[in-house]
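This briefing goes with the structure shown below. It is arranged by topic for a reader who wants to check each point against the coordinates.

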Amino acid sequence: MEIILAIGIGVFAASGVWLLLRPRTYQVIIGLSLISYAVNLFIFSMGRVKLHAPPVLQPGTAGDPSAVADPVPQALVLTAIVIGFAMTALLLVVLLAARGRTGTDHVDGREAD
Amino acid sequence: MSNDALLLAALVLPFAGSLLAGFLPTHARNLAAALAGSVALIGCAIVVWLYRSVATDVPVRLRADWLPSLGLDFTLRMDGLSWLFALLIFGIGALVVLYARYYMSAEDPVPRFFSFLLAFMGSMVGIVTAGNLIQLVFFWELTSLFSFLLIGYWHHSAQARDGARMALTITAAGGLCLFVGVLLIGRIVGSYELDEVLAARDLLDNSNLYTVALVLILLGAFTKSAQFPFHFWLPHAMAAPTPVSAYLHSATMVKAGIFLLIRLWPVMAGTDAWFYLVVPAGLVTLLLGAYSAIFQQDLKGLLAYSTISHLGLITLLLGLGSPLALVAAVFHTVNHAIFKASLFMAAGIIDHETGTRDLRKLSGLYKYMPFTATLAMVAAAAMAGVPLLNGFISKEMFFAEAVADHTGSLLDDSLPYWATLAGVFSVTYSLRFILGVFFGPPPKDLPHIPHEPAHWMRFPIEFLVLICLLIGIVPSLTVGPLLATVMRSILGSDMPYYSLALWHGFTLPLFMSLIALAGGVLLYFLLRPYLDSGIEGPPLVRVLKGQRIFEKILTTISLQWARRGEVLFGTRRLQPQMRIVVLLAVLAALSPIVLQGLPGNGALAGTPIEPGFALMWLIGMGCALAAAYQAKYHRFAALVLMGGAGLVTCATFVWLSAPDLAVTQLLVEIVTTVLLLLGLRWLPKRIEDVYPTRPPLSTLIRRYVDFGIASAFGGILAFLSYSLMTRPLPESVSRFFVERAYTEGGGTNVVNVILVDFRGFDTMGEIVVLCLAALTVFALLRRFRPAPESVGSPEQQRIQDAYDDAEPDRKPGDTVTDYMLIPRLVMNWMFPVIATFAVYLFMRGHDLPGGGFAAGITLSIAFVVQYMASGTRWVEDHLRVLPLRWMGLGIITSASTGIGSWWFGYPFLTSHFRYLELPLLGKVPMASALLFDLGVFALVVGATVLILIALAHQSLRSSRASQAAEGGETWR
């Protein structure tokens with residue numbers, strides 16, 4: 001499982017970075033979204049792969065850390081997902097505004113010479 | 001009031017007064033002056049009152065906890081030395097305030113002036129009463145800051161701005177050196193408390209950090225006290241209003257450095273390093289200052305250089321390291337403050353009444369203002385060291401110390417000659433000041449006809465000159481006991497014998513004084529023709545301008561290097577910047593692996609592969625790659641493919657035991673897709689392929705390079721995550737969270753308990769970020785102007801309208817209205833269902849996957865679905881969502897839940913939980929964290945909806961533009 005997840009993260013990140021380096025704003029947005037998937041999964045994978053062990057405890061008992069998946073990376077990623085949405089929205093609006101003002105969707109605000 | 005409370009009052013009062021003066025109306029000149037004057041007088045009274053207890057040789061102390069975790073206390077401490085300086089600060093401060101009331105023009109915003117002046121006064125008091133060194137540095141930097149504001153008070157003048165900037169750069173940089181020096185002392189001694197530092201001479205002497213600490217502290221003191229080679233800021237600070245010069249350059253700002261040297265004198269002076277660092281600096285400053293003062297054409301410039309020279313004299317005395325020299329230094333500090341303040345005020349009066357300070361224009365003023373002239377003459381005579389005036393006695397002591405043997409070095413042996421020479425110079429420039437301004441032919445073409453100033457404007461000078469005379473004639477009766485108290489506070493019991501008498505018989509110092517007086521007069525008349533020629537600046541050293549070097553360094557750093565850096569690294573194009581960022585990230589990730597290798601040896605056996613998982617990821621990777629390939633020309637396809645990658649991410653979370661993440665990811669996926677769909681419309685039409693046949697080589701190379709960078713990035717990330725996943729999990733904070741989630745947080749869903757309870761403060765920060773992002777989107781879209789070609793109706797609508805036009809029985813718009821009627825109805829009905837689901841997600845969040853974030857996004861989806869079903873206009877007419885209110889409510893709820901715990905005496909965001917028995921529902925867990933989560937929920941709803949509908953609303957803009965005026969944007 002680890003190897004699959006690792007390769008998957010790598011492919012997501014590589015696709016994202018490729019798009020990040022492209023000249024069209026829309027490509028950059030899609031690229032950033034792909035990178036954020038990869039990074040979220042990467043942070044999440046720091047808690048190691050654990051199947052069928054969600055960090056939900058039985059009521060009335062103290063939890064056993066070895067029996068459940070690591071909750072800390074999950075908590076980190078949860079807020080990152082929501083904030084990632086906000087950032088995508090912000091970037092999108094900035095790019096739309098830039099497009100409205102410059103008349104082009106090139107990341108530099110003008111077509112390459 | 002007890003003594004320590006009075007001490008605190010003396011420190012707080014100027015700052016309170018400053019704040020108050022800042023709020024006075026711009027032209028409340030008298031009120032502001034009265035306020036500042038009473039603050040200074042009350043301060044004076046407090047200081048005088050405290051003398052009784054200071055004279056018992058036990059410092060007045062006030063101690064309060066400041067940063068107990070770092071072992072830092074807020075300590076005020078007033079011993080004899082602090083007392084003396086505090087008296088000067090408040091006393092001369094009061095006189096300066098009175099003087100400034102008449103000096104400042106009614107057109108200037110005078111309350112602001114007094115506000116700065118009071119704040120500066122408070123900072124100075126802070127320095128002298130600081131009981132620990134960190135506190136001292138703090139107030140030290142405050143004086144730099146407020147002196148900057150004071151010097152630059154007439155900010156419309158470029159000279160004032162430059163002078164202020166220069167003073168700030170030099171003194172604040174020195175302050176940073178001092179800070180490091182103080183930290184070193186704290187490290188050597190183990191405490192920053194002044195009492196402990198002053199008792200730790202042995203520790204300091206034996207430390208190998210002593211020299212470093214000494215150099216740093218001297219840098220602080222020398223920059224502040226304008227010692228060579230940092231002296232050049234002081235003449236430039238003369239662009240300040242004259243009351244400021246009179247205050248900063250006599251009793252306060254520049255004396256802060258002297259104060260620090262005296263304060264640390266008992267523990268740091270007397271070593272060879274001290275002698276060879278301090279004495280040469282003082283000597284050069286003394287001679288250079290005095291020499292330059294002779295040749296100034298600006299009245300205030302002359303006084304400024306003479307100030308530098310006197311500061312050099314005091315520094316030199318402190319450098320000698322003998323107790324007697326210390327006595328002379330302290331005594332001269334007081335004397336200099338008194339006569340220099342009065343001289344600056346006199347110069348200000350001359351400037352004020354004649355309109356110029358240029359010595360080439362001024363002459364023969366005695367006839368016009370005999371009273372001021374007499375006062376200025378007495379003060380100048382004190383400066384020159386004429387007998388019967390205070391300057392004479394301390395200068396005599398200086399000569400005596402110069403003659404005395406200290407280290408027997410060449411420097412020490414030559415001191416008497418240098419001292420006499422400096423004496424000659426000081427007589428010359430004093431003469432120049434008096435003879436040049438008040439005598440000679442009557443003045444020609446002055447801007448104003450001079451006359452005596454208002455009586456109260458002259459009063460401060462009269463008062464100070466009276467003190468000059470009193471100290472000069474009967475020193476042991478006036479200043480003697482005070483000086484003794486001060487010396488006891490510095491030296492403790494081993495007081496040297498000294499006599500403050502006027503007459504010591506025919507001694508060598510007296511002989512030197514006579515030579516200085518005669519030589520000075522002679523030199524003046526020799527130089528007279530040269531001075532009258534009107535050349536600016538001193539001969540020989542005119543080329544050696546510290547200011548020019550300073551400007552050069554500043555230009556080099558802030559302009560040339562910056563420009564070169566911009567040429568080297570800068571580009572206005574985004575892609576190269578992105579490449580650099582990504583490459584740096586790759587390097588940063590690689591370097592530790594290459595340098596140190598991976599931690600732990602040998603990988604663990606991985607979890608066995610499940611074929612479903614592998615298959616799913618094959619699809620996921622395909623989606624990502626295809627999205628990357630298609631994003632340029634097929635935006636919609638790329639969006640769908642990206643959604644596919646998102647779904648695989650989501651499924652991975654489910655598979656690998658992270659249900660909370662899966663829920664959130666799924667919901668966010670929905671809103672992101674809607675968001676991008678809304679944005680698609682405003683992007684330009686796809687351009688046909690720029691390169692019909694084959695792209696040029698440069699483009700191809702760029703693509704290959706980018707492909708290489710992207711592959712490297714992905715490869716490293718894959719390698720890193722694989723290596724980490726196959727190594728055992730180190731012990732981390734997770735154990736704490738898992739073990740306590742239920743027993744202390746009252747929830748079984750550990751992730752949610754971490755978010756809303758254990759790390760609630762982080763979550764608080766995160767929702768604020770979300771809030772800011774949403775508000776920024778909102779603000780940007782309010783001014784949004786779409787590109788002209790995307791304003792028209794979308795293609796689909798045009799086809800529909802064309803169909804309506806063609807059919808005789810249909811009106812245009814009918815098809816749009818009826819379009820997808822049944823799905824639309826279903827979507828309308830979905831609203832309560834989705835909303836209920838949101839509430840369900842929210843309620844179960846503490847124990848099962850769900851929670852405020854997920855619930856918030858769910859509810860916003862419910863709103864967005866309405867927009868999709870019925871169109872923006874219909875929803876805006878029927879539903880007032882008011883997302884800004886949701887957001888405000890959310891922030892307030894979360895913050896007040898946190899603040900609520902203060903009431904019960906717990907830190908911010910401490911949570912409490914218990915089970916409540918409710919009718920019908922049974923036992924329900926009620927945690928205060930639930931309220932916090934409610935805030936998160938409301939904020940997430942507000943922010944998400946705000947972003948989405950602000951964007952959705954834009955589609956109305958284009959049609960509204962043609963319909964002219966329309967109602968306001970009600971959805972807000």
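Predicted model: local features only at pLDDT ≥ 70, side-chain atom pairs only at ≥ 80, totals over all residues.

Chain A has 81 residues in contact with 99 residues of chain B.

**Confidence in chain A**
- Confidence is highest in helix α1 (residues 2-20) of chain A, with a mean of 94.
- The lowest value belongs to helix α3 (residues 71-102) of chain A, where the mean is 89.

**Annotated spans in chain A**
- An unreviewed UniProt entry gives the feature "transmembrane region" for residues 6-21, 28-47 and 75-98 of chain A.
- In the model, residues 28-47 of chain A are 90% helix and 0% strand. The end C-alpha atoms of this span lie 29 Å apart.
- Residues 75-98 of chain A are 100% helix and 0% strand. For this span the distance between the end C-alpha atoms is 35 Å.

**Contact between chains A and B**
- The contact joins 81 residues of chain A to 99 residues of chain B.
- On the side of chain A that touches chain B, α1, α2 (25-45) and α3 of chain A each supply at least two residues.
- The most comes from α3(A), which gives 23 residues to that side.
- By class, the side of chain A that touches chain B has 57 nonpolar, 15 polar and nine charged residues.

**Positive phi at residues other than glycine**
- A:His52 is not a glycine, yet has a positive phi of about 50 degrees. A:His52 sits in the loop between α2 and α3 of chain A.
- A:His52 counts as exposed because it has 8 C-beta neighbours inside 10 Å, and the cut-off for exposed is 12 or fewer.
- B:Ser657 also is not a glycine, and has a positive phi of about 65 degrees. The place of B:Ser657 is the loop between α26 (635-655) and α27 (659-680) of chain B.
- B:Ser657 has 22 other C-beta atoms within 10 Å and is therefore buried, the cut-off for buried being 20 or more.

**A cis peptide bond in chain B**
- The peptide bond from B:Phe228 to B:Pro229 is cis, and its omega is near 5 degrees.
- B:Pro229 lies in the loop between α9 (210-224) and α10 (233-236) of chain B.

Technical notes: Residues numbered from 1 in each chain as written. Chains lettered and ligands numbered in written order. UniProt positions renumbered as here; feature names shortened; annotations may be inferred. Helix = DSSP H or I, 4+ residues; strand = E, 2+ residues; numbered from the N terminus. pLDDT = per-residue confidence, 0-100. Contact = placed C-beta atoms within 7 Å. Nonpolar A, V, L, I, M, F, W, Y, C, P; charged D, E, K, R; others polar.
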